[in-house]
Amino acid sequence: MAQCDRCGSHENMPYRCGRCGGVFCGQHRLPENHDCSGLDEWSDPDGIFDSGFDDSVDNPGGQKASVSDRLPFNTGTGGPMGYFRNNMTYVFLSLMWATFLVQYLLIPLVGQPGLMEFLFVLQSSEILNLWTWITSIFAHGGLEHIIFNSIALYFFGPIVERKVGSKMFTVLFLVSGVIAGVSQVGVALALGQQSAVVGASGAIMAILGVLTVLNPNLRVLLFFFIPMPLWLLTLGFAAVSVGLVGLGGFGAGGIAHLAHLAGLFVGLAYGEKLRREGERAPDQLQFGGGPGGPGGPGGPGGPGRGRF
């Protein structure tokens, strides 16, 4: 027995969408009934959604072709861009580890002091280095830092991506990551303090926030062996961040606690929007990539810098 990704009802004979890879009941099996991401591909070059009618019927005025029609490569589900559908979680994981290798292998070989900070660290003193708003999300402050973030993204990312679609998941990850980092260094700048941050924890806390709203009782294993509902895990993370901010400031322990809270707030707000629209999350975790595409494997902290 499977569970419908749209309404949560249990089905003995579920339907699997060939476009987005989701599992649905009879009521929501049609793409238009579950907000299928494939509906955005009506003009795909492979003709996946070809209606069989002459194109001139739909374009009597000779309107301009879409942007995807003018690109020099196939943007349809059968082209190279098809990999990214239902797999952005693993794309972000790959970018995190690629950035980590550049940080700790390539840049030391180059031997340029300050290059890593210039490229990857979002700093209150250099807040107008706008590229670091994005690159700092994928940079990390050490092996332990990136391993913990990778584990969290691997387990929770695919659930949210399947629920909201790869496009909105990409927007959620990047926007929440930017808001988290800028909140941390922006407040420090307003208070006349110095702060610098790296890490994807703000974006991951947003993912956790979305799931917490959609299914607060989702069972998770803290440290892989302590069972608890997701709402308790999220509340625990938030309480630790708030408590440490109160005790030692928003960068206590070299961790960007304000960034954690900002990312969580974004996720909770977006999750509430989805909940009001009738969305809900699965009752159990699923591992690996979705059937809609190939599955994937799934600056430094210290004084004055926050890892998040």
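Trp97 is partly exposed, with a relative accessible area of 33%. Buried means under 20% relative accessible area, exposed means over 50%, and partly exposed lies in between (1.4 Å probe, protein chains only). This is a predicted model, in which local features need pLDDT of at least 70, side-chain atom pairs count only at pLDDT 80 or more, and totals for chains, interfaces and linings use all residues. Residues are numbered from 1 along each chain as its sequence is written, and side-chain values use heavy atoms, with hydrogens and water left out.

**The chain overall.** The protein chain has 10 helices and 9 strands. Helices (H or I, at least four residues) and strands (E, at least two) are DSSP runs, numbered from the N terminus. Of the 308 residues in the chain, 44% are buried. The accessible surface is about 15,700 Å², and carbon and sulfur atoms hold 64% of that area. Accessible areas come from the Shrake-Rupley method with a 1.4 Å probe; for residues, only the protein chains shown count as cover.

**Aromatic pairs.** A pair of aromatic rings is described by the distance of the centres and the angle of the planes. Rings of Phe, Tyr and Trp (its six-membered ring) pair if their centres lie within 6.5 Å; planes under 30 degrees apart count as stacked, over 60 as edge-to-face and the rest as tilted. The count by this rule is 10 aromatic pairs. Two of them are tabulated here.

| Pair | Centre to centre | Angle of planes | Type |
|---|---|---|---|
| Phe92 and Phe169 | 6.1 Å | 35° | tilted |
| Trp97 and Phe100 | 5.6 Å | 70° | edge-to-face |

What does the pair of Phe92 and Phe169 tie together? Phe92 belongs to helix α3 and Phe169 to helix α7, so the pair ties together parts that are 77 residues apart in sequence. Phe92 is buried at 3% relative accessibility. Phe169 is buried too, at 0%. Trp97 and Phe100 both sit in helix α3, 3 residues apart, about one turn of the helix. Phe100 counts as buried, at 11% relative accessibility. Ring pairs also link Phe92, Phe138, Phe169 and Phe173 into a cluster.

**The nonpolar core.** A nonpolar core is a set of buried Ala, Val, Leu, Ile, Met, Phe, Trp, Tyr and Cys residues joined through side-chain atoms within 4.5 Å. The largest one has 40 residues, and Leu153, Phe156 and Phe173 touch the most other members. Elements that give two or more residues to this core include α3 (88-110), α6 (143-164) and α7 (166-190). Helix α8 gives the most, with 9 residues. Which residues does Phe173 touch, not counting residues up to four places away in sequence? They are Phe92, Ile137, Phe138, Leu153, Ala200, Ala203 and Ile207. Contact here means heavy atoms within 4.5 Å.

**Around Ser124.** Ser124 lies in the loop between β5 (122-123) and α5. Is Ser124 buried or exposed? At 3% relative accessibility, Ser124 is buried. Leaving out residues up to four places away in sequence, Ser124 touches Val185, Leu189, Gln193, Gln194 and Ser195. Ser124 and Val182 are 58 residues apart in sequence, yet 8.5 Å apart in space, C-alpha to C-alpha.

Ile179 lies in helix α7. Ile179 is partly exposed, at 35% relative accessibility.
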